[in-house]
Structure formats: C-alpha cells, structure tokens
Protein chains: 2
Amino acid sequence: MQRIALDAMGGDGAPRVIIEGALSAVREWPDRFAVSLVGIPERIHAELPAEVPGAIQIVPASEVVEGHESPVRAIRRKPDSSIVVGLGLLRAGEVDAFISAGSTGAVMAASRFLLGMLPGVERPTVGTMFPTSGSPVLVVDSGANIDPRPTHLLQFAQLGSVYMRDLLGLERPRIGLLNVGEEPSKGGARAVATHKLLQDDEDLHFVGNVEGHRIVEGACDVLVCDGFVGNVLLKFYESVAGFITGVLEDRLDPEIHGEGLREVYRTVDYAEYGGAPLLGVNGVSIVCHGASSARAIKNAIRVAGACIESDMVEDMVAEFGPATRRARVWRRIRRR
Amino acid sequence: MQRIALDAMGGDGAPRVIIEGALSAVREWPDRFAVSLVGIPERIHAELPAEVPGAIQIVPASEVVEGHESPVRAIRRKPDSSIVVGLGLLRAGEVDAFISAGSTGAVMAASRFLLGMLPGVERPTVGTMFPTSGSPVLVVDSGANIDPRPTHLLQFAQLGSVYMRDLLGLERPRIGLLNVGEEPSKGGARAVATHKLLQDDEDLHFVGNVEGHRIVEGACDVLVCDGFVGNVLLKFYESVAGFITGVLEDRLDPEIHGEGLREVYRTVDYAEYGGAPLLGVNGVSIVCHGASSARAIKNAIRVAGACIESDMVEDMVAEFGPATRRARVWRRIRRR
C-alpha cells in the first residue's frame, strides 16, 4: 500500500472536493492507496459518507494556512496546520507522500524546512505538465523561482530529467531552454549562460532553445525557464484553452458537438495531470492547483503513487549525491 | 490618399503574398491608399497582373536583407535594400508609412537610424495585438526589448496608451502590468519597480498587475511586459490556437462544423490585426509577422492608414515633447 497524507483543508473547494478526490482514488485503485485526510476532524467528517472506506483515515490538524499569509511566517505560527502536520507525517516516515492544493508558497517553505533539500540541490522547483500534441512537457520552473540563476536552471533541468524518466519512462528526456530564438546567443545574459551550462552537461539530452510556438508541438520533454515566464505561460495556457472552447461553444450545437468539445477539454485540461511535484526536496511532496477538481486530486494521488513506486527521490539523490560525476562537475562550476 | 511604402521582398511568402495583400487593399479601399511596392522590379513585375491598378507603383531596390543577418550590419551594408529604400521614402516625406514583413530587427534598426526617435523616448518598442474575448489587448513589448529597465517599461505603457487611444478610440486605455500575482510586491525587482512607476504616473489609467489567465479575459487594454515574456507569449498563443483547433478538426465533421471552426480561426487569428507598430520612432513604421498571409498584409495597410489618420506620431510627440508635464515628471525620475 502507498500511504498518502492529503491536506484536506487546502484549495478553493476544500474540504469537499479534496475528500471527493480521495474517495474516488481509493475506489478506482483499491488496495493501492491508504489516504490520511489531514485537517479539522469535524469538517472532514461532515463531508464523508456514512460508510467510510477502510483505506481512508483522518489525522487531526486544528489550523489552516490561508492563501494570503506569508508562507514562512504561516508555517512558523501554525505548527498544527494541515500542511505542517501532513509533512510531519512524511518526515517521520508514517506516510510515503504529501499532497496539498493549499498555498504553494507555504507547502514549499514547509517542505524545505521539514523534509530538507536533497544533497547538492540549491533550490526546490515546481514542475508542471503542459499538454501537447504528443506526450506532455514538464515546465520547470512554473512559478516557485521568479529570478533564478543559470546554475539553478541547470539543476531544474537535471531534476526534471529524472522526473520524466521515472514518471513517463522516457529513457533520455529531451531538455529544451525556453527562448526567443534558436541561436545560443539569443535571450539575454541569463538565457545565454544557461544555454552554455545545459550544453556542457553531458548527462543531459539538451536539444537547444525552444521558442514559444514549439512547446505544444512537443519539441522537448522538459522545458526550462524562470518561474516568472513559467507561471505566466501556465495561467495563460489554461485560460486560452477555456477561451477557445468557449468561442466554439457559443457557435456549435452542443447536441451535435458535445463529444468533440469534451475531448478538447480533456486534451487541454490540467486536471488530467493532477499535481505538480516539488522537485529537489527530500520526499514526495505534490502541490495542486488551488482550483483543483476532485478529478485533479484523484490524479494527484496517482502521480504521488508513481513517484513513490519509481523511487524518484532515491534516483534524484543518486543523480546529485556527492559520489557522482555530476557532483564533481557541479563543484567545478561553482568554483568558477 | 494615404501613401504607403510596402517592402515587397520581406516575409516568407515574398514577393507573391505581399503583392497580393497590396492588391486586395487597393481593391477593398479604392481611392484611399497609394501603395509603393519596394523591391527588385523584375520579381515584383512577375507577380503583378497584366492590368496594374493605378494606386500601385514600383520603387526599385536591388538588395534584400535576410533574416539571419545581423540587423545593424545588414542595413549598413545594404543601402539599396528594400527596407532602407522604403524607410528613406518615409524619411523624405514621399510616403506616410512603411510596412515590412522582413527582419523585425533590421526594420527596427533602420527605423531608429533613418526616422530617429521621438524626443524623450529612449527605446522603440513593438506592440502586438492579442485577440481576447472582448476588444484586443496591445502587448508591449512583444520581442524588441529582451531586458528593458523599469523606466523603459513605463515609456512602453505611455506609447501603448496613445496608440490604443488613437487606433481604437479608447478614451482612457487600461494599463496592466503582466505579473505572477496581484499584489504590488510580486514578481521580482523589475516588476516591483515598474509597478511603482506606473502607479505614480497620473496620466496613465493603471489597473495593476495582470496575471496570465486574465489576458484573454480582457483585463486591460495595454499589457506591459519585457520582450522575452511578450515574445514567448505571442508565439505560444498562435500555436495554442492552432493546436486546439487542430484537435477539434480531428474530431469534428468539417461538413457540419466548418463555419464554427472558421469563426474560431478568425477570432484567434493574428492576421486580423495585420501588423505591429514600432512605437517611439518618428514615423509610422509597421512590422508584420514573417509568415504573414495576404490578408495580414492587407490589414497591416489598414492599420497604417489608421495610424496616419489619427496623427498617432504627433500625439506621441505631444505626450513626450519637452513642453509637457510628463516630460518634467520624466526628468525627475531620471535624476533619481
């Protein structure tokens, strides 16, 4: 059984949609997941059916971190919040993964603090799956690091590469650098320096710069960018998909075209990919969209299961651990 | 008559689609435009019909700037290129506007050099219209300035505001700052400093930060961002629109849904807006997408006409000229 701690209090629809997601996960994959709903017991009980499946249990946490709170301050002031309690379970080895649709900043800060960073990794990053015409592309960073250094971006590429290898079974994930042109000289100082670092890393399958229009073509498996651009793109993508399908809905007869539209929604729906892993911390910690549906939560549980099963964290340790060739290369880069 | 110099040699489909665009403009709006096709006469003649409309004439230019050339070097080495000759006509007052689908970098460099900057304006910017659910939003900068300073971004907002006032007749265009959150503290040093400058400019109708998902909602009329993000967004938008309509086409019966799909294409088609004005130079200089269709060229001619008719350049001079209150504010900012 894969043991998941799920923040029942985080997200716009919490606790109801979170609990619905947990219920549908344990129903769809029986004997695979044991889900601990972390939060205020009365509020959780109110949403649970009379017959609670055996795979679901409640872990009490009396406090809730709100979206507007300063992440670091919130986790210090609220030691009995669902985020801190849930990550405490993971730290203590009582669960194998933690999932939250609450404040991404607070989950990041608490994960860093409670789980710690993987040896050699400087900053955690959030990777988000973008649907494309082929298999999805992991965009790192999608909002956690607004102003990263080129060395950080190199590490995001390395972490993303392990993630896509483990999760999608890609042997050599293709790494692309988001840029405004194909030539290595394009995009300003940060992009040029990052291009060189990616090019020089022999363990990465770097395919060069990727321009905006080549993302949905599936030009790479991991798209490296700073969190400002990544966050803008992510939010823009979701809204454009809704906008275009909205234009269509106004003009097409739903009786006739309903199935086609639903298929489009599915193709471009972030919920299909569930949550976004926090990469670089010492444990499986998954952040979900604040507006997550029950289906998104269910899929986040599936993603957490895949991270656990593939030994993602151990693979990242092997990639970055002090004994590896990459660590030696890294020390050389840092000394420059 | 509005006199337009059109670079017949620039763009993927040149000279054929450029000439087609010119022909359809003078047919659609007779007695409004006189178009000078600038380029290699034999190649232009080969694409013209036997009966050339009186509103079309050819201005010879023996050289062509290629996309891969360094912009500044190319315009120096090719004084008889269609870009330099066409902008020379504008500088000499023989035409009222210049349009090119060739190298944006070369058009920018040559416009700056031949037309000069408007007094008080530090850098030219390219503004591109994004279709939204309401009226379009002008994204400045959409690729010309990869790493602008906050003071540059303030000027882009001011130029964009005049453009949208003159072109769309908006009384007080709403200015938004592209960012990763709504709070003024979001987005790193550049965004925070720019937010303050925009907030402090009493002549601008600043509506605050705009996140990625609010662009297509029409949250603002002018969206301010650096050219890296703007360029990535622009290319991404075009491709996502194509991707989603492609998904639909695969699943819908074109016999039944053809009209709906065509409507979607029109809604999200950049060609509807034609070209992007180069803002801040002393003249109407319009850059078009390299892949411009004849319809995009025709619409760029229409946009050029609107710029001429509304006295856009004169209005910008009034906005930035040394006698204005804004110029005094600007001098104060620069002294800080």
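**View 1. Where domain 1 of chain A meets domain 2 of chain A.** Here 21 residues of domain 1 of chain A are in contact with 14 residues of domain 2 of chain A, contact meaning that the C-beta atoms, placed from the backbone, lie within 7 Å. On the domain 1 side, α5 (104-114), β11 (284-287) and α10 (294-309) of chain A each put in at least two residues; helices (H or I, at least four residues) and strands (E, at least two) are DSSP runs, numbered from the N terminus. The top contributor to that side is α10(A), with 7 residues. By type, the domain 1 side splits into 11 nonpolar, 7 polar and 3 charged residues. Nonpolar here covers Ala, Val, Leu, Ile, Met, Phe, Trp, Tyr, Cys and Pro, charged covers Asp, Glu, Lys and Arg, and the others, Gly among them, are polar.

This is a predicted model, so to speak: local features need pLDDT of at least 70, side-chain atom pairs count only at pLDDT 80 or more, and totals for chains, interfaces and linings use all residues. Residues are numbered from 1 along each chain as its sequence is written, while chains are lettered from A and ligands numbered from 1 in the order in which they are written.

**View 2. The two domains of chain A.** Domain 1 takes in 1-117 + 280-311 and domain 2 takes in 122-275, with bounds from an automatic or database domain assignment. Their centres, taken over C-alpha atoms, are 25 Å apart.

**View 3. Helix α6(A) passing helix α11(A).** The crossing of α6(A) and α11(A) is right-handed, meaning the near helix is turned clockwise from the far one by less than a right angle. On the α6(A) side, the contact uses Gln158(A), Leu159(A), Val162(A), Tyr163(A) and Asp166(A); α11(A) brings Met312(A), Asp315(A), Met316(A) and Glu319(A).

Conventions: Two residues are in contact if their C-beta atoms, placed from the backbone, lie within 7 Å.
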